[in-house]
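Please look over the sequence and the model shown here. The paragraphs that follow go through the structure step by step.

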Amino acid sequence: MQQECDSVDYGVFVAGYAEYLSEEMNVPSDGFEAEYHRMRYTTLLRKYGIQKAKKGYVSENDDPPRPKSRIIQIPDDNAIVCIE
């Protein structure tokens with residue numbers, strides 16, 4: 001899907017931030033190279049897609065789906081916090 005020229009895409013920043021946190025690296029306060037990360041993530045996803053196709057994967061997970069829980073836990077009144 002093509003975005004408008006004046007719209008802002010924060011996806012690469014969110015992905016980069018998540019990567020920095022998951023790798024326990026310091027998050028840079030400036031100098032984030034968005035275009036570099038965009039190309040890097042594109043390459044990684046493309047490579048992953050090619051590997052999946054070569055191995056004949058049909059879905060992300062071939063395990064059978066888990067049954068959904070029919071029990072809904074309602075928190076007690078002390079667990080509910082009101083923000084005013």
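How far apart are the end C-alpha atoms of helix 1, and what should its 12 residues span at 1.5 Å a residue? The end atoms are 16 Å apart, which agrees with the 16 Å that the 12 residues should span; the expected span is 1.5 Å times one less than the number of residues. Helices (H or I, at least four residues) and strands (E, at least two) are DSSP runs, numbered from the N terminus.

This is a predicted model, in which local features need pLDDT of at least 70 and side-chain atom pairs count only at pLDDT 80 or more, while totals for chains, interfaces and linings use all residues. Residues are numbered from 1 along each chain as its sequence is written, and side-chain values use heavy atoms, with hydrogens and water left out.

The protein has two helices and zero strands. Of its 84 residues, 8% count as buried; buried means under 20% relative accessible area, exposed over 50%, and partly exposed in between (1.4 Å probe, protein chains only). The protein exposes about 8,700 Å², and carbon and sulfur atoms supply 55% of that area. Accessible areas come from the Shrake-Rupley method with a 1.4 Å probe, and for residues only the protein chains shown count as cover.

In helix 1, the buried residues are Val12, Gly16 and Tyr20. Seen down the helix axis, the buried residues fall within an arc of 70 degrees, so they line one face of helix 1; the arc is that of the directions from the axis to the C-beta atoms. These buried residues pack against helix 2. Val14 and Ser22 are exposed on the other side of helix 1. After helix 1 comes Glu24, with a positive phi near 55 degrees.

Val14, with a relative accessible area of 55%, also belongs to a nonpolar surface patch of about 330 Å² made with Tyr10 and Phe13. Like charges are joined within 9 Å, and nonpolar side chains (Val, Leu, Ile, Met, Phe, Trp, Tyr) within 5 Å.

Not counting residues up to four places away in sequence, His37 touches Val12, Tyr20 and Phe32, where contact means heavy atoms within 4.5 Å. Tyr36, also in helix 2, is exposed at 52%.

Notes
Patches are made of residues with over 30% relative accessible area and no salt bridge: like charges are joined within 9 Å, nonpolar side chains (Val, Leu, Ile, Met, Phe, Trp, Tyr) within 5 Å. A salt bridge is a side-chain nitrogen of Lys or Arg within 4 Å of a carboxyl oxygen of Asp or Glu.
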